[in-house]
Amino acid sequence: MTDTSHDRLLIIDFGSQVTQLIARRLRELNVYCEIHPYQKVTDAFVTEFAPKAIIFSGGPDSVMRTGSPRPPKAAYEAGVPILGICYGQQVMMHDLGGKVEAGEHATAEFGRAYVTPTEAKAGFVDGWFAQDGREQVWMSHGDHVSEIAPGFTVLGTSPGAPFAMTADLERKFYAVQFHPEVHHTPNGAKLYENFVREAGFSGDWTMGAYREEMIRKIRDQVGDKQVICGLSGGVDSSVAAILLHEAIGDQLTCVFVDHGLLRLNEAEEVVTMFRDNYNLKLIHAAESELFLGELDGQSDPETKRKIIGRLFIDVFQKYANQIEGAEFLAQGTLYPDVIESVSFSGGPSVTIKSHHNVGGLPEKMGLKLVEPLRELFKDEVRELGRELGLPDSFIGRHPFPGPGLAIRCPGEITREKLEILRKADAVYIDQIRKHGLYDDIWQAFVAILPVRTVGVMGDGRTYDFACALRAVTSVDGMTADYYPFEHSFLGETATRIINEVKGINRVTYDITSKPPGTIEWE
């Protein structure tokens, strides 16, 4: 649990797929919040956390089922405002004396709906309803509240949910059947703004305050010991490195692992930038032979990720042994990675893909972790980077995964395919920059496909690789949609790649959203 002097809001997660969006909406209001799975939130936890307000998330379960998730009694007795969302509303009504009925087709609501106000007044809905007297929301529920708990009044109704918005105004308990955190509820942010205002939050969660607080924490944790930092050259690890350097100066040594899976000229650019501009102690670990040797012949994506993760640990161990007094390893782990590593049900989670920097360190390393960004979302990291003085041209770089080009090379990895991929990616990014689109796109890259296709160049037959272009828009990488390039751009880019990159004779564009796909190919 985080030790912080900020006002804190506790989000109890009952398993909704969009719980992280609640946290994002609150962080945008400069409110510090943490998400914790319901089974870990005990009475003692609530007392220790001392929240200024609590939110119950949605979830897939039914309060009608014996053993379904419940918040602890202490949540209701903490004397702070509570907001229940969807399942969170149902569990609040059920616990406090109302009634919930199992869903039937006639009472279920899925998708867009419209809520109209009642005559009841409450600060929670100030300025929320549209001038025409109704507001669009996103519903996704089977069960429904059939009787509200004593002390509650109805603030809004919808055709399928007569208790769409309810409140106990004396205790400042609010409950909504819809999801204000999703973009399908266009004015949902206003409800969160009203809720935190009612709870008395001062909005003191700023990157300036976080910077000062984290510097103190780093110094307290590290003392006079040495820290090594895995520096990939991406935004996350770079911001972590600069923050650590500001906190502990020469006690920090950065290790840049050149694993042979980087983009064109990337190693030289990263080393030059950090050595010339930030005066960091930097080890350029040229380990491409090690990584590519171990990856030789491997085609399974999880196997490749695990090999890379293991070798990262081995390389850091090697250089840590060369640094006298090194007791800590710093990583750029972010809050979404932390949340995704915990199953809300307490059981085994489905592994979509392994993160090489999440899950702790092997005992054999003998190093303790320093993760100064583990409370932040991606856009907050960029904001912190600006606070630390990193140039916008660097902060605005598209995310680049730790395993590098290995996960953009489905199937077996070869030096030939990596060289082709580097050149194609460089052409693609150059095109995006020339057309002024780079800052409109969350992430863009080329994936080289594990197939060869027949083509014709001049009067000759070719049998070369196909590649896929990928470009997505997103807020924090949790969900994403493909970028709608003009066909003329795609045609021009395909022509350049085929003409300038020997080894590719076919170019495709990936228009899959996340979900169902992931942003990266592996």
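Analyst: Let's start with the words for angles: under 35 degrees counts as roughly parallel, over 145 as roughly antiparallel, 65 to 115 as roughly perpendicular, and the rest as oblique. The axes are lines fitted to C-alpha atoms, for helices over the stretch in contact, and the angles run from 0 to 180 degrees between N-to-C directions. Helices (H or I, at least four residues) and strands (E, at least two) are DSSP runs, numbered from the N terminus. This is a predicted model, where local features need pLDDT of at least 70 and side-chain atom pairs count only at pLDDT 80 or more, while totals for chains, interfaces and linings use all residues. Residues are numbered from 1 along each chain as its sequence is written, and side-chain values use heavy atoms, with hydrogens and water left out.

User: At what angle do α6 and α12 pack?

Analyst: Helix α6 (residues 207-222) meets α12 at about 80°, and their axes are 9 Å apart. The two are therefore roughly perpendicular. Contact means heavy atoms within 4.5 Å; here M207, G208, Y210 and R211 of α6 touch E380, E383, L384 and E387 of α12.

User: What kinds of residues make up that contact of α6 with α12?

Analyst: Ala, Val, Leu, Ile, Met, Phe, Trp, Tyr, Cys and Pro count as nonpolar, Asp, Glu, Lys and Arg as charged, and the others, Gly among them, as polar. By that sorting, the α6 contact with α12 has 3 nonpolar, 1 polar and 4 charged residues.

User: How are α7 and α12 placed, oblique or roughly parallel?

Analyst: Helix α7 (residues 235-248) and helix α12 (residues 378-387) pack at about 40° with axes 10 Å apart, so they are oblique to each other. V235, D236, V239 and L243 of α7 touch K378, V381, R382, L384 and G385 of α12. Those residues split into 5 nonpolar, 1 polar and 3 charged. As a general idea, an α-helix has 3.6 residues a turn, so residues three or four places apart point the same way.
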